[in-house]
Amino acid sequence: MVTQLQAAQAGAISDEVKSVAEAEGQDADFISKEIAAGRLIIPANKLHLKSNLAPIGIGRALTTKVNANIGTSSVRSSIEAEIEKMQVALAAGADAIMDLSTGGNLDDTREQLLARCPAPFGTVPIYQVIEGRNVEDINSQIILETIEKQAKQGVDFFTIHAGVLKEHLPLLEKRTAGIVSRGGALLAKWVLYHNRQNPLYEMFDDLCGILAEYDISFSLGDGLRPGCIADATDDAQIAELRTLGELTQRAQENGCQVMVEGPGHVPFDQIQYNMEIQQEICCGAPFYVLGPVVTDIAPGYDHITSAIGGTAAAFYGASFLCYVTPREHLGLPNTDDVRAGVIAAKIAAHSADVARGLKGAAEQDKSLSIARANLDWKTHLAESLDPQTAEKMHREVCEGIAPEQLPSADYCSMCGRNWCSVRINKEIRQAIKAKGTQNT
Ligand code: SF4
């Protein structure tokens, strides 16, 4: 059994590398070298690959990817609703799905979602470890059994909060929001109760053995991520990051692919530093960030606060953005929230890809702009990131224009025909062209 990392380090080009190279318009040999260096991962459980997985690559050499979290809670639990959310997320352009279910039958939910998920699929196994028991009662055997079970179901990446150490907990004293990560809080409670080290840290090499067997990627969880901007970049966050750097190296030495999770709530001016220090401490391992949310005062609009932070994060070093929905901090998202969250994160990812000059990233922008300048509504709408919404909005407000004339209309309801600068510009350009022809 060989992982993508081990294959790349041996100089082999796997079928998954070839498929990622083709999808991204990159050289397969280059992608393989990035994997070998630990800067790029292909989260692909061998069992999910055998069923329905279309592999993707995550790393700075490629386009920035977007993850959508779905999952039941102990208050709301419907497998059908979560399947619908996953399908909405994928249709809106999510590159990966995480099932964060904590309510209902977790095994059945995961199985049904995985059977319908062609994208990399992640979980946080510690959630199931504490299902039906007090966190104080968990032990390494229960953890290993749960992880093995989920591995056999085909999960492609696991969030493992192994970086929350006993020594880090006193550093939380000055925090405003304390620990906001569910996994981080649960493990901190266990550590304090038993006055022992985090079991995930102690059994890390055993975890590597299971993950390597199935080629499941580590997503090293940031259990001490800041939950408000006042806590950003504090001693606890950086201490955990240093442990994640050490674990990145240990996992890679065990043949495992690794990405590292990051904050959280971070003021805009601290994002660059956060991205750069992660890249330095974790030797370029792909950085997977939640947001970052750049201000705390916009509940109901956190898909926007996170898209602002996500653009900066992806520009300065992140490779993978976890979406945030408008209902973040307020309740379990519905399908509309999921859709809005994915689109916002896609905008952030794409904006960063354009700004960092990624090959081909701005082609769609150019194509849309040409169509816009030519009043070619069909292409204009089709090239947009969310054609469904663009088309609906255009149609709704242009009531004065007959539906069959909409695609060829030389104005819209925003300015009206006489004020339409695009139409006037088109006429000016035609006049200049005609004059130029006469002069020659
Ligand atoms: S009417 Fe205004 S908004 Fe509409 S196409 Fe013309 S310039 Fe653009």
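Mentor: T233 sits in the loop between strand 7 (217-220) and helix 12 (235-253). Helices here are DSSP runs of H or I with at least four residues, strands are E runs of at least two, and both are numbered from the N terminus. The phi of T233 is near 55°, which is a positive value in a residue other than glycine. Before we go on, please keep in mind that this is a predicted model, in which local features need pLDDT of at least 70, side-chain atom pairs count only at pLDDT 80 or more, and totals for chains, interfaces and linings use all residues. Residues are numbered from 1 along each chain as its sequence is written, and side-chain values use heavy atoms, with hydrogens and water left out.

Helix 12 packs with helix 11 (residues 204-214) at an angle of about 45°, and their axes are 9 Å apart. Axes are lines fitted to C-alpha atoms, for helices over the stretch in contact, and the angles run from 0 to 180 degrees between N-to-C directions. Helix 11 and helix 12 are therefore oblique to each other; angles under 35 degrees count as roughly parallel, over 145 as roughly antiparallel, 65 to 115 as roughly perpendicular, and the rest as oblique. The crossing of helix 11 and helix 12 is right-handed, meaning that the near helix is turned clockwise from the far one by less than a right angle. In contact (heavy atoms within 4.5 Å) are F204, D205 and C208 of helix 11 with L247, R250 and A251 of helix 12. Four residues of this contact are nonpolar, none is polar and two are charged. Ala, Val, Leu, Ile, Met, Phe, Trp, Tyr, Cys and Pro count as nonpolar, Asp, Glu, Lys and Arg as charged, and the others, Gly among them, as polar.

A positive phi turns up at H329 too: its value is about 75°, although H329 is not a glycine. H329 lies in the loop between strand 10 and helix 15, so let us look at what each of these does.

Helix 15 (residues 335-355) packs with helix 5 (residues 79-92) at about 25°, with the axes 9 Å apart. Helix 5 and helix 15 are therefore roughly parallel to each other. Here E84, K85, V88, A89 and A92 of helix 5 meet T335, V338, R339, V342, I343 and K346 of helix 15. By class, that contact has six nonpolar, one polar and four charged residues.

F157 lies in strand 6 (residues 157-160) and F320 in strand 10 (residues 320-322), so the pair ties together parts that are 163 residues apart in sequence.

A cis peptide bond joins P263 and G264, with omega about 15°, and G264 is in the loop between strand 8 (258-262) and helix 13 (268-281). Another cis peptide bond links G291 to P292, with omega about -10°; P292 is in the loop between strand 9 (287-290) and helix 14 (302-316).
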